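Here are a few comments on the model you sent over.

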Amino acid sequence: MSKTGEGDGYRIAVLAGDGIGPEVMIQALGVLDVVCGKFGFKVERERCLVGGAAIDAVGCPLPEDTVTSCEGADAILFGSVGGPKWEGLPADEQPERGALLPLRKRFGLFANLRPGVCMRELRGASPVKDELIPNGFDILCVRELTGGIYFGEPKGRRDEGDDVVAFDTMVYSRGEIERICRVAFTAAMGRSKRLVSVDKANVLQTSVLWREVCIEVGRDFPEVELTHMYVDNAAMQLLRRPDSFDVMVTGNLFGDILSDEMAMLSGSLGMLPSASLGGKNDQGLYFGMYEPSGGSAPDIAGKGVANPLAQILSVAMLLRYSLGEVEAAAAVEAAVSAVIASGMRTKDIYTGSEGETLATTADMGQAVITALDL
Ligand code: IPM
Ligand code: MN
């Protein structure tokens, strides 16, 4: 069953990383155990070093052994990396840049799906006024992840007389735009069939091409209503009426910024998973890396207060997109919703309203497991 053909189950590489990564990962793996038992499949896990933990142990944020384990796996379950301890290192050696960007590039993880969901019950935790989001909101940001200004060449700096010049290049090819747009249109087909493409076509050549290609791809998806929005306007509309969005597709840099905005609007980073998908195999399953949208949160690490739901929901995305265990994925998501509906709240989403119970990281993980058994 595993792509390596060994053993009788799937295989995943587990990269817990730094900060709250390891403690939320324990909860997520506990949920995975239960779901495997319930749905009758096995998932072998290989634990690998990444980020600051890898720097401390072997001197680099993405050791070769870790890459090899990921190559042999059906998917990567990632925690989070980084922290003050490694902030003084040169940028390319820091955990975030030195591990995340090379992993994305190495595995061709070009499609980053970042849900920005504010459940109705959690509206109080969102900075948006309740009356503007009577039913919460549910946005899916599809961000291009291996192109654009992050990776474009030339990139660098040079001295020019007394001055210094630094430069990055935003490049997009037709092929890169086409494949990300297909992912977004396909996602829109499975939702409310509305797609907003975000660009800066009033200024950037890459955006002019982006718009053209997006419209072309849209001809293959006549049922999807496609609109275009400039990125500055999108930033504003998200604040004004987040519930007017369904699926959004955009380039690497704009997606980086807008997905953080969306995450903030949803009320808690601790609730949001993400998937970074590469190519599909013959069974239509993606190789992917799954991780919480939030960071390593070093300020709360080790205190047992971190919200494990983003990591648990990342497991659900992994089950759906990389293992094709769609029912198991839906069961995990339903269990998380049930736990929220029951009033369990980690500190990040606790508002003190009637019916809420303050929960630790472990309480929350256990509650999801209990809900799965019901
Ligand atoms: C993210 C992060 C990364 C990015 C950084 C850490 C390289 O902000 O995953 O959004 O900019 O893509
Ligand atoms: Mn970011």
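**Notes on the ligand site and the cavity**

1. Keep in mind that this is a predicted model. Around ligand 1 you'll find E96, L101, R104, R114, R143, Y150 and D256. Sorted by class, that shell has five charged residues, two nonpolar ones and no polar ones.

2. On to the polar atoms. R114 puts a polar side-chain atom 2.8 Å from an oxygen atom of ligand 1, and a polar side-chain atom of R143 is likewise 2.8 Å from an oxygen atom of the ligand. For D256, an N or O atom of the side chain sits 2.9 Å from a ligand 1 oxygen. The protein covers 75% of the 320 Å² of accessible area that ligand 1 has on its own.

3. Where does ligand 1 lie relative to the domains? Both domain 1 (1-111 + 274-374) and domain 2 (127-266) give residues to its shell, so ligand 1 lies between them. Among the secondary-structure elements, helix α4 (residues 95-106) makes the largest contribution to the shell, with three residues.

4. Searching the whole structure turns up one cavity of 30 Å³ or more. The largest cavity has a volume of about 100 Å³. It is lined by 13 residues, of which M170, Y172, S207, G251 and F254 are the closest to its centre.

5. As for what builds that lining, β8 (194-199), α6 (205-218) and α8 (252-266) each supply at least two residues. By class, the lining of the largest cavity has seven nonpolar, five polar and one charged residues.

How values were computed: Residues numbered from 1 in each chain as written. Chains lettered and ligands numbered in written order. Predicted model: local features only at pLDDT ≥ 70, side-chain atom pairs only at ≥ 80, totals over all residues. Heavy atoms only, no water. Near = heavy atom within 4 Å. Polar contact = N/O pair within 3.5 Å; in protein donor to acceptor, adjacent residues only side chain to side chain. Areas by Shrake-Rupley, 256 points an atom, 1.4 Å probe, with all protein chains shown as cover. Helix = DSSP H or I, 4+ residues; strand = E, 2+ residues; numbered from the N terminus. Nonpolar A, V, L, I, M, F, W, Y, C, P; charged D, E, K, R; others polar. Domains from an automatic or database assignment. 1 Å grid on protein atoms, 1.4 Å probe; cavity = no way out; pocket = protein on both sides within 12 Å on 5 of 7 lines; lining within 4 Å. Points joined across faces, edges and corners; volume = space filled by probe spheres on them.
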